[in-house]
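Hello,

Here is the structure I promised to pass on. Please open it first, then read my notes below.

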Amino acid sequence: MASSNPGALQAPDGVAAANCNLRNPATFPAALSGVTEVFLYAEASHIAEFIDAAVAAGVKHVVLLSSAGVLNPDAASDPLARSHLDVETALLASPLATTLLRPGSFAGNAAGWAWAIKAGRPVSLPYPGSYTDPIHEQDIAEVAFTVLTEPRHQGRHLHLTGPESLTFSEQIDQLAEITNRPITVNHVTRAEWKQEMADYLPGHYADALLDYWQAHDGRPGPLTDTVEQLTGHAPRTFATWVRDHATTFIE
(Lines give C-alpha, C1' and ligand atoms only; values in the text may rest on other atoms or scores of the structure.)
Protein backbone atom coordinates (compact mmCIF):
# COMPACT_ATOMS: atom_id res chain seq x y z
CA MET A 1 0.00 0.00 0.00
CA ALA A 2 1.24 3.48 -0.80
CA SER A 3 0.20 6.96 0.28
CA SER A 4 1.59 10.47 0.57
CA ASN A 5 0.98 9.93 4.30
CA PRO A 6 1.73 6.23 4.87
CA GLY A 7 1.62 6.63 8.65
CA ALA A 8 -2.11 7.27 8.41
CA LEU A 9 -2.83 4.03 6.54
CA GLN A 10 -4.45 1.09 8.30
CA ALA A 11 -2.63 -1.61 6.39
CA PRO A 12 -3.62 -5.27 6.85
CA ASP A 13 -1.22 -7.49 8.80
CA GLY A 14 1.82 -8.31 6.72
CA VAL A 15 1.27 -5.47 4.25
CA ALA A 16 3.88 -2.72 4.21
CA ALA A 17 2.99 0.95 3.77
CA ALA A 18 5.16 2.96 1.36
CA ASN A 19 5.51 6.67 0.73
CA CYS A 20 4.24 7.64 -2.73
CA ASN A 21 3.30 11.26 -3.29
CA LEU A 22 1.95 11.69 -6.81
CA ARG A 23 3.12 15.30 -6.74
CA ASN A 24 6.68 14.31 -5.82
CA PRO A 25 8.40 12.10 -8.42
CA ALA A 26 11.30 11.43 -6.06
CA THR A 27 9.01 9.05 -4.14
CA PHE A 28 8.12 6.93 -7.19
CA PRO A 29 11.07 4.52 -7.55
CA ALA A 30 11.03 3.20 -3.99
CA ALA A 31 7.24 2.91 -3.90
CA LEU A 32 7.17 0.95 -7.18
CA SER A 33 10.06 -1.37 -6.43
CA GLY A 34 8.93 -4.98 -6.90
CA VAL A 35 5.41 -3.94 -7.94
CA THR A 36 3.70 -5.40 -11.02
CA GLU A 37 0.11 -4.13 -10.59
CA VAL A 38 -0.89 -0.58 -9.59
CA PHE A 39 -4.19 0.98 -8.57
CA LEU A 40 -3.70 4.66 -9.36
CA TYR A 41 -5.56 7.90 -8.69
CA ALA A 42 -5.72 10.36 -11.60
CA GLU A 43 -3.21 13.04 -10.57
CA ALA A 44 -1.89 14.61 -13.75
CA SER A 45 0.94 16.83 -12.53
CA HIS A 46 3.72 14.20 -12.87
CA ILE A 47 2.08 11.38 -14.79
CA ALA A 48 4.93 11.20 -17.34
CA GLU A 49 7.48 10.69 -14.56
CA PHE A 50 5.21 8.12 -12.91
CA ILE A 51 4.95 6.15 -16.13
CA ASP A 52 8.72 6.21 -16.62
CA ALA A 53 9.28 5.01 -13.05
CA ALA A 54 6.62 2.30 -13.39
CA VAL A 55 8.10 0.96 -16.63
CA ALA A 56 11.59 0.98 -15.11
CA ALA A 57 10.31 -0.89 -12.02
CA GLY A 58 8.67 -3.61 -14.13
CA VAL A 59 5.04 -2.63 -13.58
CA LYS A 60 2.83 -4.44 -16.10
CA HIS A 61 -0.71 -3.22 -15.38
CA VAL A 62 -2.25 0.00 -14.08
CA VAL A 63 -5.87 0.31 -12.96
CA LEU A 64 -6.76 3.99 -13.03
CA LEU A 65 -9.48 5.55 -10.89
CA SER A 66 -10.67 8.07 -13.46
CA SER A 67 -14.08 9.74 -13.83
CA ALA A 68 -17.17 9.40 -15.98
CA GLY A 69 -16.65 13.10 -16.69
CA VAL A 70 -14.18 12.11 -19.43
CA LEU A 71 -17.12 10.73 -21.41
CA ASN A 72 -18.63 14.19 -21.83
CA PRO A 73 -18.02 15.85 -25.21
CA ASP A 74 -16.51 18.93 -23.52
CA ALA A 75 -14.18 16.95 -21.23
CA ALA A 76 -11.02 18.55 -22.62
CA SER A 77 -12.25 22.01 -21.62
CA ASP A 78 -13.79 20.99 -18.28
CA PRO A 79 -11.29 21.52 -15.44
CA LEU A 80 -12.85 18.69 -13.41
CA ALA A 81 -12.62 16.15 -16.23
CA ARG A 82 -9.41 17.39 -17.87
CA SER A 83 -7.00 16.11 -15.22
CA HIS A 84 -8.52 12.62 -15.48
CA LEU A 85 -8.49 12.77 -19.26
CA ASP A 86 -4.82 13.81 -19.32
CA VAL A 87 -3.83 10.85 -17.15
CA GLU A 88 -5.90 8.45 -19.25
CA THR A 89 -4.29 9.75 -22.44
CA ALA A 90 -0.78 9.41 -21.05
CA LEU A 91 -1.32 5.86 -19.77
CA LEU A 92 -3.00 4.66 -22.95
CA ALA A 93 -0.02 5.93 -24.95
CA SER A 94 2.44 4.13 -22.66
CA PRO A 95 3.70 0.53 -22.70
CA LEU A 96 1.64 -0.23 -19.59
CA ALA A 97 -1.55 -2.29 -19.83
CA THR A 98 -4.20 0.11 -18.59
CA THR A 99 -7.70 -0.50 -17.26
CA LEU A 100 -9.91 2.54 -16.73
CA LEU A 101 -12.51 2.82 -13.97
CA ARG A 102 -14.88 5.71 -14.67
CA PRO A 103 -17.29 6.16 -11.76
CA GLY A 104 -19.95 8.82 -11.87
CA SER A 105 -20.91 10.53 -8.62
CA PHE A 106 -19.43 9.16 -5.39
CA ALA A 107 -22.07 8.56 -2.72
CA GLY A 108 -19.43 9.93 -0.35
CA ASN A 109 -19.91 13.40 -1.83
CA ALA A 110 -22.88 13.65 0.53
CA ALA A 111 -20.40 13.91 3.40
CA GLY A 112 -19.91 17.50 2.26
CA TRP A 113 -23.29 18.25 3.83
CA ALA A 114 -22.33 16.77 7.21
CA TRP A 115 -21.16 19.98 8.88
CA ALA A 116 -24.38 21.83 8.12
CA ILE A 117 -26.53 18.86 9.15
CA LYS A 118 -24.74 18.34 12.47
CA ALA A 119 -24.95 22.08 13.17
CA GLY A 120 -28.69 22.06 12.49
CA ARG A 121 -28.26 24.42 9.56
CA PRO A 122 -29.85 24.18 6.12
CA VAL A 123 -27.95 22.49 3.30
CA SER A 124 -27.34 24.99 0.51
CA LEU A 125 -28.20 23.62 -2.92
CA PRO A 126 -28.22 25.64 -6.14
CA TYR A 127 -29.87 22.78 -8.08
CA PRO A 128 -31.81 20.55 -5.64
CA GLY A 129 -33.46 18.79 -8.58
CA SER A 130 -30.18 17.81 -10.19
CA TYR A 131 -29.70 14.05 -10.62
CA THR A 132 -26.58 12.05 -9.80
CA ASP A 133 -25.82 8.31 -9.83
CA PRO A 134 -24.22 7.84 -6.39
CA ILE A 135 -21.92 4.84 -6.13
CA HIS A 136 -20.65 3.35 -2.86
CA GLU A 137 -16.87 3.40 -2.51
CA GLN A 138 -16.94 -0.28 -1.52
CA ASP A 139 -18.33 -1.16 -4.94
CA ILE A 140 -15.51 0.74 -6.61
CA ALA A 141 -13.01 -1.10 -4.42
CA GLU A 142 -14.50 -4.49 -5.32
CA VAL A 143 -14.41 -3.69 -9.03
CA ALA A 144 -10.79 -2.55 -8.70
CA PHE A 145 -9.87 -5.79 -6.91
CA THR A 146 -11.53 -7.83 -9.64
CA VAL A 147 -9.73 -6.14 -12.51
CA LEU A 148 -6.41 -6.27 -10.65
CA THR A 149 -6.67 -10.01 -10.00
CA GLU A 150 -8.41 -11.29 -13.14
CA PRO A 151 -6.26 -10.69 -16.23
CA ARG A 152 -9.21 -11.10 -18.62
CA HIS A 153 -10.40 -7.62 -17.62
CA GLN A 154 -7.14 -5.84 -18.49
CA GLY A 155 -7.57 -3.00 -20.92
CA ARG A 156 -11.29 -2.45 -20.37
CA HIS A 157 -12.84 1.01 -20.04
CA LEU A 158 -15.49 0.63 -17.34
CA HIS A 159 -18.26 3.15 -16.64
CA LEU A 160 -19.44 2.61 -13.06
CA THR A 161 -22.67 3.90 -11.51
CA GLY A 162 -24.78 3.25 -8.49
CA PRO A 163 -28.11 1.43 -8.91
CA GLU A 164 -30.32 4.53 -9.07
CA SER A 165 -30.39 8.08 -10.32
CA LEU A 166 -31.38 10.38 -7.46
CA THR A 167 -31.86 14.11 -7.12
CA PHE A 168 -30.05 15.95 -4.36
CA SER A 169 -33.43 16.51 -2.70
CA GLU A 170 -34.10 12.77 -2.72
CA GLN A 171 -30.69 12.12 -1.20
CA ILE A 172 -31.40 14.67 1.53
CA ASP A 173 -34.76 13.01 2.25
CA GLN A 174 -33.05 9.62 2.63
CA LEU A 175 -30.42 11.13 4.89
CA ALA A 176 -33.09 12.68 7.10
CA GLU A 177 -35.08 9.45 7.35
CA ILE A 178 -32.14 7.17 8.09
CA THR A 179 -30.37 9.48 10.55
CA ASN A 180 -33.67 10.58 12.12
CA ARG A 181 -32.61 14.22 11.86
CA PRO A 182 -34.64 17.06 10.35
CA ILE A 183 -32.73 18.46 7.37
CA THR A 184 -33.82 21.55 5.49
CA VAL A 185 -32.61 22.76 2.11
CA ASN A 186 -31.77 26.33 1.28
CA HIS A 187 -32.27 26.78 -2.47
CA VAL A 188 -29.49 29.26 -3.28
CA THR A 189 -28.36 30.93 -6.49
CA ARG A 190 -25.19 29.95 -8.30
CA ALA A 191 -23.48 33.11 -7.08
CA GLU A 192 -24.51 32.49 -3.46
CA TRP A 193 -23.22 28.92 -3.56
CA LYS A 194 -19.91 30.02 -5.09
CA GLN A 195 -19.52 32.60 -2.34
CA GLU A 196 -20.17 29.99 0.35
CA MET A 197 -17.56 27.69 -1.20
CA ALA A 198 -14.97 30.36 -2.01
CA ASP A 199 -12.61 29.30 0.80
CA TYR A 200 -12.68 25.65 -0.25
CA LEU A 201 -13.13 25.48 -4.01
CA PRO A 202 -11.42 27.56 -6.74
CA GLY A 203 -13.86 29.49 -8.88
CA HIS A 204 -13.24 27.58 -12.11
CA TYR A 205 -13.90 24.26 -10.37
CA ALA A 206 -17.05 25.67 -8.79
CA ASP A 207 -18.28 26.83 -12.19
CA ALA A 208 -17.64 23.39 -13.68
CA LEU A 209 -19.65 21.72 -10.90
CA LEU A 210 -22.48 24.20 -11.26
CA ASP A 211 -22.59 23.66 -15.02
CA TYR A 212 -22.73 19.89 -14.51
CA TRP A 213 -25.55 20.15 -11.97
CA GLN A 214 -27.46 22.53 -14.22
CA ALA A 215 -27.12 20.14 -17.16
CA HIS A 216 -28.61 17.34 -15.03
CA ASP A 217 -31.31 19.43 -13.35
CA GLY A 218 -34.48 17.39 -13.82
CA ARG A 219 -32.64 14.96 -16.12
CA PRO A 220 -31.81 11.48 -14.79
CA GLY A 221 -28.59 10.08 -16.21
CA PRO A 222 -28.01 6.63 -17.71
CA LEU A 223 -27.14 3.80 -15.35
CA THR A 224 -24.84 0.87 -16.06
CA ASP A 225 -24.77 -2.73 -14.81
CA THR A 226 -20.96 -2.81 -14.79
CA VAL A 227 -20.65 -3.25 -11.02
CA GLU A 228 -22.91 -6.30 -11.10
CA GLN A 229 -21.06 -7.77 -14.07
CA LEU A 230 -17.70 -7.44 -12.32
CA THR A 231 -18.65 -8.29 -8.72
CA GLY A 232 -21.63 -10.62 -9.10
CA HIS A 233 -23.95 -8.43 -7.04
CA ALA A 234 -26.01 -5.31 -7.64
CA PRO A 235 -24.35 -2.05 -6.58
CA ARG A 236 -25.14 -0.81 -3.09
CA THR A 237 -27.85 1.83 -2.79
CA PHE A 238 -27.37 5.36 -1.53
CA ALA A 239 -29.43 4.39 1.52
CA THR A 240 -26.90 1.63 2.25
CA TRP A 241 -24.10 4.18 2.05
CA VAL A 242 -25.94 6.45 4.50
CA ARG A 243 -26.43 3.59 6.97
CA ASP A 244 -22.75 2.66 6.64
CA HIS A 245 -21.72 6.25 7.38
CA ALA A 246 -24.51 7.48 9.65
CA THR A 247 -22.08 8.62 12.34
CA THR A 248 -20.67 11.15 9.87
CA PHE A 249 -23.95 13.06 10.19
CA ILE A 250 -24.90 12.55 13.84
CA GLU A 251 -21.69 12.72 15.89
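Buried means under 20% relative accessible area, exposed over 50%, and partly exposed in between (1.4 Å probe, protein chains only). Strands (E, at least two residues) and helices (H or I, at least four) are DSSP runs, numbered from the N terminus.

Some ground rules. This is a predicted model, where local features need pLDDT of at least 70 and side-chain atom pairs count only at pLDDT 80 or more, while totals for chains, interfaces and linings use all residues. Residues are numbered from 1 along each chain as its sequence is written, and side-chain values use heavy atoms, with hydrogens and water left out.

**Strands 5 and 8**

Strand 8 pairs with strand 5 (residues 97-103) in the parallel sense, over four bridges. Two strands pair if DSSP finds at least two bridges between them. Arg102 has His159 of strand 8 as its bridge partner.

**Salt bridges**

The whole structure holds eight salt bridges. Each is a side-chain nitrogen of Lys or Arg within 4 Å of a carboxyl oxygen of Asp or Glu.

Asp139 forms a salt bridge with Arg236, with the closest N and O atoms 2.5 Å apart. Asp139 lies in helix 5 (residues 137-149), and Arg236 lies in the loop between helix 9 (226-231) and helix 10 (238-244). They are 97 residues apart. Asp139 is buried, at 0% relative accessible area. Arg236 counts as partly exposed, because its relative accessibility is 23%.

**Second largest pocket**

The second largest pocket has about 570 Å³ of space. It is lined by 22 residues, and Met1, Ala2, Ser3, Cys20 and Phe39 lie nearest its centre. Strand 3 (37-41) is one of the elements that give two or more residues to this lining. Strand 3 gives five, the largest share.

For the terms: on a 1 Å grid over the protein atoms alone, a pocket is an open set of points where a 1.4 Å probe fits, with protein on both sides within 12 Å along at least five of seven lines. Lining residues have an atom within 4 Å of a point. Grid points are joined across faces, edges and corners, and a volume is the space filled by probe spheres set on the points.

Best wishes
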